[in-house]
Amino acid sequence: MRGDGVISATGYIIVENMKICDVLQKKTILADLKAQNKKGILEELVAPVSEIAKVNQEDLVKVLMERERLGSTGIGGGIGIPHGKMKDIDSLILGFGLSRKGVDFESLDGQPTHIFFLLITPENSTGLHLKLLARISRILKDDPFKSRLLNATSGDEILDIIKEEDEDF
């Protein structure tokens, strides 16, 4: 395996042209986040991800909150991409969540955040971390795609929408 590859939580070796669906699992998709603040959203998003990664939920939330202190991962346009690195994991893990009401995630544009991608990577996987963050950011610039996500009602529907966009991208 090349130095810029990693085994994803879905068991695939990921290298250059990583797709979101190579990493995203249905059980980490939350179609209706209930929390009304940043920490609550992170706690909800982390629950299924920590189970897959076999890491402590509180430790993972702590890592994410520490990253948020460096600057909000609410990038504007209703999107948040909280992310962090953990030494105790050996695969890249992705989660997704929708907040119907939107939440103050201290976004760059000051607007509520509705769409969340949560990315957790091993400490030594900087290149992959950045590649997946860039892909997520690019795909979310498509307004019709964002609208379809916001109108989705189930994890299955969200996964189908992401798969379709991921293939076309």
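Phe 117 touches Ile 20, Gly 80, Ile 81, Pro 82, Leu 94, Gly 95, Phe 96, Ile 136, Leu 140 and Ile 162, leaving aside residues up to four places away in sequence; contact here means heavy atoms within 4.5 Å. The model is predicted, with local features needing pLDDT of at least 70 and side-chain atom pairs counting only at pLDDT 80 or more, while totals for chains, interfaces and linings use all residues. Residues are numbered from 1 along each chain as its sequence is written, and side-chain values use heavy atoms, without hydrogens and water.

In the largest nonpolar core, which has 28 residues, Phe 96 and Phe 117 touch the most other members. Such a core is a set of buried Ala, Val, Leu, Ile, Met, Phe, Trp, Tyr and Cys residues joined through side-chain atoms within 4.5 Å, where buried means under 20% relative accessible area (1.4 Å probe, protein chains only). At least two residues of this core come from each of β3 (24-30), β7 (93-103), β8 (113-122), α3 (126-139), α4 (143-151) and α5 (155-168). These elements are DSSP runs numbered from the N terminus, helices being H or I of at least four residues and strands E of at least two. The largest share, five residues, is supplied by α3.

A second, separate core has 22 residues, including Leu 33, Leu 42, Val 46 and Met 86.

Leu 42 and Val 46 also belong to the contact of α1 with α2, where Leu 60, Val 61 and Leu 64 are among the residues of α2.

Technical notes:
Buried means under 20% relative accessible area, exposed over 50%, partly exposed in between (1.4 Å probe, protein chains only).
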